[in-house]
Each structure stands twice: as C-alpha cells, then as structure tokens.
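Please read them with the structure open.

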Amino acid sequence: MNRTMRELDLVGVAVFAGLIGWFGAGANAWAGPVPGCRAQVRVIGASMKPAPLPKALKVWSRKLRQPPFSLFKSFKLIKTIDRDLTKNRSVTAVLAGPYVLTLELLSRAAGKRIRYRFRLKLTARKGKHVRVISSSTLRMDSGGTFFVAGPRLGPQTLILGITLTERAATAR
Amino acid sequence: MAHVSDTTLMKYLDGELSHAERAEVERFLKEDQSANGRLEQFRTVSEGVKSYVAASAETEPVPDLWPAVSRAIAERPKETWSEWLAALFTVRRLAVAGAFVVVVAVAVGLLLRGGSGSRSVPERARPSNRVVLESMDYKGAPPMVFEIPGKDDTGPTTVIWLQPGPGDATEDATGQDGSI
C-alpha cells in the first residue's frame, strides 16, 4: 500500500514538473523574439597579382579602388558568412586560415536609423594556442558596411567586409 | 594647392605622378601636417604589404603550366571556314534576340514604374558606413583607421587596418579546416 502511494507521489511530482515546464515554455514564447540582428561577413583575400574583380565584389568596386585598398591588384571573395546575433551572446565564425571572428551584440538603438553597439574579436589559432589579434567595441548603423583588414593569409591580405542588419532585411 | 586626395598620395608613394604633380604634392605636404600623417600611414601599410608579398613570393612554389597549355593548343581540332561562318551567324542571331529581350524588359520596367524614371531612396533609409570605434585592444602595432570617401549620402566608409605584430609575418595560409 505504502509502495503504491509512493509511486503515485512520484507520478504526481513528474506531472507537476511537466506542467511547470510546459507553462514556462509558453510564457517564454509570449515574451516575443529575443532582440538581435543579422551579421554578414564577406571574407576577401587581396593580392598583388592582377586579376578581374569577381562579380560578388562588383558592388564595392569603387571602394576597393581607393586607398588603402588600391595597394592591391586583385580581390577574391573567399566566403560569405551569415550569422544571427542575439544580445549578449557571442557568436564565432571561422574566417580563413587560422583566423576566427567573434561577434557579440551589446545593444540596439532605434532612432532615425537603427544603430548597433557590438563587440568584435579577431583571433588566430595555432594548434591549441589561440592568440587575440584585436578586440574592439564598435557602433554602426544597421545596413552599413565597414572593413577590417591587414592580417596575412599566405600571399594574400585578409579583408573583412562586415554588415549588420535587422533580421528580416538583407545586407546591402 | 587646395587639397590632395588619398589616391594622389598613394600614387605619389608609388612614383606614378609626373614631375610637376610630384612637385605640387611636395609643396602641399610642406604646408599640411595632417597630409603628412596620412602619407606616413599609407607608407607603413604599403611597405608592410610589399615586404610581406616579396617574402611570400620567394617561398611560394610556381607551377609550370606551359607544357599542359601548349599540348592542349596543339590537340585542339582545326576549325573550317564553313564552321566559322555558321558559328558567326549563330552568334549574330543570338545577339539580335538578346537585344530584343533587353528592349522589351526595359520597356516593361518603365511602364511598371509609371515612367517616372529613377527614384532615389529616402535619406533616412540610407545607412552610414562609418563606424564609431569606442575601444580597441590589440597586439602589435596600433591599428590605423582609414575613411574611404563616399559619393552618396552614405558618407565615408571606415576601414580598420590591423598592423601585424612581430610574429605575424609567418601566419599559416591554411587553417585546421584546410580552408584558405
């Protein structure tokens, strides 16, 4: 009899925990989407060997012809990385070679234009050793694009074109 | 001289200016201290990249592609006059058809837009490409911040140039995932 009662108690506790979890999940869903944005990182390799500009980079052809990029004779789009950023949660992306980019959205301000405050960290892996090249806190408009350049990538120089946009919108 | 653009300063560094232009830039540099600073930045970046490229060119193996290319040229079948003429007419016909499609597409596009021509995006919709750098921790030499002037109202574009530290010149080209 005691044993059956104990079993019934356990079932009751399990059902109660399940209900709490179910309502908790429902409440979280009602809270709406977590604030965030979308980051698009174009990883470019710049080199001194002349070559035509790839189609994917034509949109930036005028910028890539001006200093400091006019140093180089050709640009190659190595890859495009898309990541969803959630506030106060860092997201990493393997760029090229040993380089890894970490982005963290710190805040979002909606005024005349939407602006993001975010942290950007560039690291280089060498086996188990991770070296921080730079870590910075930045502010920029949603949809704007800026560049980070300089790290060596074999005979090329790494250039990152970074754009942050609202999640529904697409990067320019 | 009112102003010397960054492009002109780069050309000055690379020795691409005429004698008269060089003299003019040098006169400007004597007057403008900020231009001297910009020139020094460009010199640092330029020399860094050039020395690195020269060092990597010495170690990079250059594959000899010519034997394979010459063999492919020799093995290519010879085109006869009739084949050449047939190909020419096919290309002309394709070109005429392509031009027709373009004309129709442009006409339909103009009709759909109500013939109002190009509409500019409202100013508030255009984001700035300028970044505000609140703080930066770095290894090696301090980073340089450039601004590429913008033609439209998006303004200048920020470029953060990370200068390599002493051990960075030998950074591996391939990562753990083998990607470049």
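The numbered points below cover the basis of the model, one chain on its own, the interface, and a few residues.

1. Basis. This is a predicted model, in which local features need pLDDT of at least 70 and side-chain atom pairs count only at pLDDT 80 or more, while totals for chains, interfaces and linings use all residues. Residues are numbered from 1 along each chain as its sequence is written, chains are lettered from A and ligands numbered from 1 in the order in which they are written, and side-chain values use heavy atoms, with hydrogens and water left out.

2. Chain B by itself. Chain B has 5 helices and 3 strands, in the order α-α-α-α-α-β-β-β along the sequence. Helices (H or I, at least four residues) and strands (E, at least two) are DSSP runs, numbered from the N terminus. Of its 180 residues, 24% count as buried; buried means under 20% relative accessible area, exposed over 50%, and partly exposed in between (1.4 Å probe, protein chains only). Taking contacts in chain B between residues at least 6 apart in sequence, 53% join residues at least 24 apart, where contact means heavy atoms within 4.5 Å.

3. Extent of the interface. In the contact between the chains, 53 residues of chain B meet 55 residues of chain A. The area buried between them is about 4,900 Å², and carbon and sulfur atoms give 56% of that area. Buried area here is the accessible area (1.4 Å probe) that two parts lose on being put together, summed over both.

4. What chain B contributes. On the side of chain B that touches chain A, the elements giving two or more residues are α1, α3 (33-59), β1 (132-138), β2 (144-148) and β3 (157-161) of chain B. The largest share, 9 residues, comes from α3(B). By type, this side of chain B divides into 22 nonpolar, 16 polar and 15 charged residues. Ala, Val, Leu, Ile, Met, Phe, Trp, Tyr, Cys and Pro count as nonpolar, Asp, Glu, Lys and Arg as charged, and the others, Gly among them, as polar.

5. Is B:M10 buried or exposed? B:M10 counts as buried because its relative accessibility is 3%. B:M10 lies in helix α1 (residues 6-13) of chain B. Leaving aside neighbours within four places in sequence, B:M10 is in contact with A:P67, A:P68, A:S70, A:L71 and B:F42. The peptide bond from A:P67 to A:P68 is cis, with omega near 5°.

6. Strand pairing between the chains. Strand β7 (residues 145-153) of chain A and β3(B) run parallel and are joined by 3 bridges; two strands pair if DSSP finds at least two bridges between them. Within β3(B), B:W161 is the bridge partner of A:A149.

7. Strand β8 of chain A. All 10 of the 10 residues of strand β8 (residues 156-165) of chain A are buried. β8(A) pairs in the antiparallel sense with strand β1 (residues 36-47) of chain A over 9 bridges, and with β7(A) over 7 bridges. β7(A) and β8(A) form a hairpin with 2 residues between them, and A:G154 in the turn has a positive phi of about 60°.

8. B:N129. The loop between α5 (81-112) and β1 of chain B holds B:N129. B:N129 is buried, with a relative accessible area of 3%. A polar atom of its side chain lies 2.7 Å from the backbone nitrogen of A:T145.

Methods. Polar contact = N/O pair within 3.5 Å; in protein donor to acceptor, adjacent residues only side chain to side chain.
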